[in-house]
Amino acid sequence: MTLNDIRALIIDMDGVLWEGDRPMPGLVEFFESLRTRGIRFVLATNNASNTPEQYVAKLARMGVGVDREQVIGSGLAAALYLKQHAPPGAKVFPIGEDGVCRALLENGFRLAELYEKDADYVVCGLDRTLSWDKLATATLNLRAGAKFIGTNPDTSLPTEHGLTHGNGAVLAALQAATGVEPTIIGKPEPIMYRLAMERLQVPPEQTVALGDRLDTDILGAVRAGIRSILVLSGISTRAHLADLDYAPTWIMKDIRDVIEAIQ
């Protein structure tokens, strides 16, 4: 199997490049192969909690150098989406951590404080300091007409304690409280992939998504109209394909097989 016509990859991180703080086998060689072949790449994750700089630092600890412009988390993707669609300096009430709040500030948005009810948008991402007050403020603003943006729809979150609630569960609670449905930025919606392709400046037919989850990475690629590689080093397995009406273009064991294919 060869991937001779690929000029760009949009790469998921968790389950593809690492497990927690453990790099996947072949990580350094994978990026060396991309650079040798001149394949452009963007790292795109549904995780909204971290900033691009934090991912750059994590990869550096694993022996890989990337630039912040080569990283898009769903928090940054939400801010970039709003920059394209919202008035300059619009006011946003954020539920989220650094990956959401810093991205909004860096892209020119004003942040609403608790119980301010004049936000133009509510942006909701993973927030491990989530409180009644934050939910109440989001609810008040949505009821007052603020537009609702969800960084990603993941309803569950793997942790060291087991599987807990993800951002999608919080979105569902706010939708139940307000009747307002969020616009989803992260995978499987195609918005993040389109933002990545804008950065790559490579035609869709020469761009491939690489991920470990059928329901986000691969379905997102299908909706964005690009080909995809499923690696079996993370969440999804071949058995999960049985009941789906979509499929990846290629299935590989891990990034070491991707290295072999692109060489």
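In this predicted model, 1 residue pair, with both members at pLDDT 80 or more, is in polar contact between domain 1 and domain 2. The count of salt bridges between domain 1 and domain 2 is 0. The briefing below covers the domain division, the interface and the aromatic pairs.

**Domain division**

- The protein chain is divided into two parts: domain 1 comprises residues 3-46 + 187-262, and domain 2 comprises residues 87-184.
- Between the C-alpha centres of domain 1 and domain 2, the separation is 28 Å.
- To the contact, domain 1 contributes 6 residues and domain 2 contributes 5 residues.

**Interface between the domains**

- The size of an interface is often expressed as the accessible area that is lost when the parts come together.
- For domain 1 and domain 2, the buried area is about 450 Å².
- Carbon and sulfur atoms account for 53% of this buried area.
- On the side of domain 1 that touches domain 2, the residues comprise 2 nonpolar, 2 polar and 2 charged.

**Aromatic pairs**

- The structure contains 3 aromatic pairs.
- One of them joins Trp-18 and Tyr-55, whose ring centres lie 6.1 Å apart with the planes at 10 degrees; the pair is therefore stacked, as planes under 30 degrees apart count as such.
- Trp-18 belongs to strand β2 (residues 18-19) and Tyr-55 to helix α2 (residues 52-61), so this pair ties together parts that are 37 residues apart in sequence.

Conventions. Residues are numbered from 1 along each chain as its sequence is written. This is a predicted model: local features need pLDDT of at least 70, side-chain atom pairs count only at pLDDT 80 or more; totals for chains, interfaces and linings use all residues. Side-chain values use heavy atoms; hydrogens and water are left out. Domain bounds come from an automatic or database domain assignment. Contact means heavy atoms within 4.5 Å. Buried area is the accessible area (1.4 Å probe) that two parts lose on being put together, summed over both. A salt bridge is a side-chain nitrogen of Lys or Arg within 4 Å of a carboxyl oxygen of Asp or Glu. A polar contact is a pair of N or O atoms within 3.5 Å; within protein, one must be able to donate a hydrogen and the other to accept it, and residues adjacent in sequence count only if both atoms are side-chain atoms. Ala, Val, Leu, Ile, Met, Phe, Trp, Tyr, Cys and Pro count as nonpolar, Asp, Glu, Lys and Arg as charged, and the others, Gly among them, as polar. Rings of Phe, Tyr and Trp (its six-membered ring) pair if their centres lie within 6.5 Å; planes under 30 degrees apart count as stacked, over 60 as edge-to-face and the rest as tilted. Helices (H or I, at least four residues) and strands (E, at least two) are DSSP runs, numbered from the N terminus.
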